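Please load the model in your viewer and keep the selection panel at hand.

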Amino acid sequence: MFEHILIPLDGSSLAECVLPHGLAMAGALGARATILQVVEQPKAAGRTRAIDPLEWHYSEAQAGAYLQEVGERLRQAGLPTAQALLQGDAAERVIDHAQAEGADLILLSSHGRSGLSGWNVSSVVQKILARAYISILLIPAYHPSTTAISTLRYERILVPLDGSQRAECVLPVAGALAARHDSQVILTHVVRRPELPRRAPPSRDDQELAHALTERNRIEATRYLEEVRARLSLPAEARLSAEVRPPTEVRLLVEDHVAAALQQVALDVKADLVVLSAHGYSGETRWPYGSLATSFILYGNTPLLIVQDLPRQAIEPTAAELAAREFGHH
């Protein structure tokens with residue numbers, strides 16, 4: 001599971017929405033944590049302007065004091081943290097620090113100092129998501145959250161599964177979180193109806209074939225989810241309060257669109273957290289995320305833990321990244 005959690009902050013209250021989740025994750029997983037802030041060179045009218053040494057020194061001092069204050073709040077809540085104050089481009093420094101220090105989970109607020117926008121994530125967060133190549137916990141900054149750092153509890157954890165071993169890489173994390181928080185785990189699978197791409201309406205034989213395939217997949221998925229539910233059941237001594245913990249629930253849907261159906265389930269069950277593998281059985285492993293994870297990043301509004309199932313070296317750099325390296329850019 002996770003051993004080192006990196007928590008980037010920018011001094012804004014929006015970015016601090018990750019703090020309760022940092023405490024909740026570290027406590028459940030026994031991980032250490034680092035809070036980080038990057039002091040960026042100020043810009044004017046889209047251009048980087050000349051640095052005023054006094055202003056720069058003040059910005060660093062202000063950021064250092066802020067990290068100390070947040071670190072003290074976390075310590076009082078039971079989570080001692082290391083602190084890192086860096087300079088440069090925010091996204092690049094966060095990625096570099098995560099790699100250099102062996103962080104295996106980054107906590108990101110969808111928005112920070114620049115404020116909320118119509119985009120689901122800010123540009124800085126989008127860059128980190130695209131290039132960090134490790135697991136990410138993404139918290140919508142507009143999502144209602146507790147104001148107290150230490151009071152967050154995951155009551156309902158949604159775990160989408162597609163039958164693949166890749167998707168199952170989330171189960172140890174989901175199980176540990178459920179044991180710590182007395183959570184109800186909701187195992188969910190969507191059976192997708194077969195497509196019948198024809199100009200003319202499908203014939204009766206086509207419809208019967210599609211129905212038969214859908215029914216077969218539904219039966220197999222039901223058996224699979226029940227098997228996973230049995231595996232996920234924790235021994236009584238591993239639970240905080242086995243008598244009151246809700247049982248693991250299984251939800252099986254037959255729909256045309258998998259991502260839309262799963263996001264609707266997250267809303268319907270009022271999930272506090274969605275735990276999702278970066279790739280499933282059909283995911284294109286050249287890229288950091290498969291289509292389902294990408295859909296949740298771009299359109300989801302529930303706290304989202306994406307467990308990266310691939311090692312960094314297995315993910316191919318994009319053409320833009322290769323070109324930047326060739327011309328000496330980071």
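The model is a predicted one.

**Helices α7 and α8**

Begin by selecting residues 258-268, which form helix α7, together with residues 291-299, which form helix α8; the two pack at an angle of about 55°, with their axes 10 Å apart. The helices α7 and α8 are therefore oblique to each other. Viewed as a pair, α7 and α8 make a right-handed crossing. To inspect the contact, display the side chains of Ala 259, Leu 262 and Gln 263 in α7, which meet Leu 292, Ser 295, Phe 296 and Tyr 299 in α8. By type, the residues of this contact comprise 5 nonpolar and 2 polar, with no charged residue.

**Helices α3 and α4**

Next, select residues 90-100 (helix α3) and residues 123-131 (helix α4), whose axes are 9 Å apart and whose packing angle is about 35°. The crossing of α3 and α4 is right-handed. From α3, the residues Ala 90, Ala 91, Val 94, Ile 95 and Gln 99 meet Val 124, Lys 127, Ile 128 and Arg 131 of α4. The contact of α3 with α4 divides into 6 nonpolar, 1 polar and 2 charged residues.

**The sheet**

Now turn to the strands. An open sheet of 10 strands runs in the order β5-β2-β1-β6-β7-β12-β11-β8-β9-β10, and its pairing is mixed. Strands β5 and β10 (249-255) stand at the edges with a single partner strand each, so one side of each is left without a neighbour in the sheet. From one strand to the next, the twist averages 20°.

Select residues 19-29 for helix α1, which lies across β1, β6 (105-109), β7 (135-139), β11 (273-277) and β12 (304-307) and runs at about 175° to β1. Helix α8 also packs on the sheet, where α8 touches β7, β11 and β12 and its direction makes about 150° with that of β11.

Select residues 4-9. How many of the residues of strand β1 are buried? The count is 6 of 6, and the strand is described as mostly covered. In a regular strand, side chains alternate between the two faces of the sheet. In β1, His 4, Leu 6 and Pro 8 point one way, while Ile 5, Ile 7 and Leu 9 point the other way, and all are buried.

**Thr 81 on strand β5**

Move to Thr 81, a residue of strand β5 (residues 81-87). Is Thr 81 buried or exposed? Its relative accessible area is 17%, under the 20% cut-off, so Thr 81 is buried. Beyond residues up to four places away in sequence, Thr 81 touches Ala 33, Ile 35, Gly 71 and Leu 74.

**Leu 23 on helix α1**

Return to helix α1 and select Leu 23. With a relative accessibility of 14%, Leu 23 counts as buried. Which residues does Leu 23 contact, leaving aside its neighbours within four places in sequence? They are Ala 77, Gly 78, Leu 79, Ile 149 and Ser 150. A distance label from Leu 23 to Leu 79, C-alpha to C-alpha, gives 6.4 Å, although the two are 56 residues apart in sequence.

**Asp 162 in its loop**

Select Asp 162 in the loop between β8 (156-160) and α5 (171-181). At a relative accessible area of 24%, Asp 162 is partly exposed. Its contacts, leaving aside neighbours within four places in sequence, are Ala 167, His 189, Gly 280 and Tyr 281. Ser 282 lies 120 residues from Asp 162 along the chain, and their C-alpha atoms are separated by 9.3 Å.

**Two residues with positive phi**

The last stops concern the backbone. Most residues other than glycine have a negative phi. Tyr 133, which is not a glycine, has a positive phi of about 60°. Tyr 133 is placed in the loop between α4 and β7 and counts as buried at 7% relative accessibility.

Finally, select Asp 182, in the loop between α5 and β9 (184-192). The phi of Asp 182 is likewise positive, near 55°. Asp 182 counts as buried, at 11% relative accessibility.

Conventions. Residues are numbered from 1 along each chain as its sequence is written. This is a predicted model: local features need pLDDT of at least 70, side-chain atom pairs count only at pLDDT 80 or more; totals for chains, interfaces and linings use all residues. Side-chain values use heavy atoms; hydrogens and water are left out. Axes are lines fitted to C-alpha atoms, for helices over the stretch in contact, and angles run from 0 to 180 degrees between N-to-C directions. Helices (H or I, at least four residues) and strands (E, at least two) are DSSP runs, numbered from the N terminus. Angles under 35 degrees count as roughly parallel, over 145 as roughly antiparallel, 65 to 115 as roughly perpendicular and the rest as oblique. A crossing is left-handed if the near helix is turned anticlockwise from the far one by less than a right angle, and right-handed if clockwise. Contact means heavy atoms within 4.5 Å. Ala, Val, Leu, Ile, Met, Phe, Trp, Tyr, Cys and Pro count as nonpolar, Asp, Glu, Lys and Arg as charged, and the others, Gly among them, as polar. Buried means under 20% relative accessible area, exposed over 50%, partly exposed in between (1.4 Å probe, protein chains only). Two strands pair if DSSP finds at least two bridges between them.
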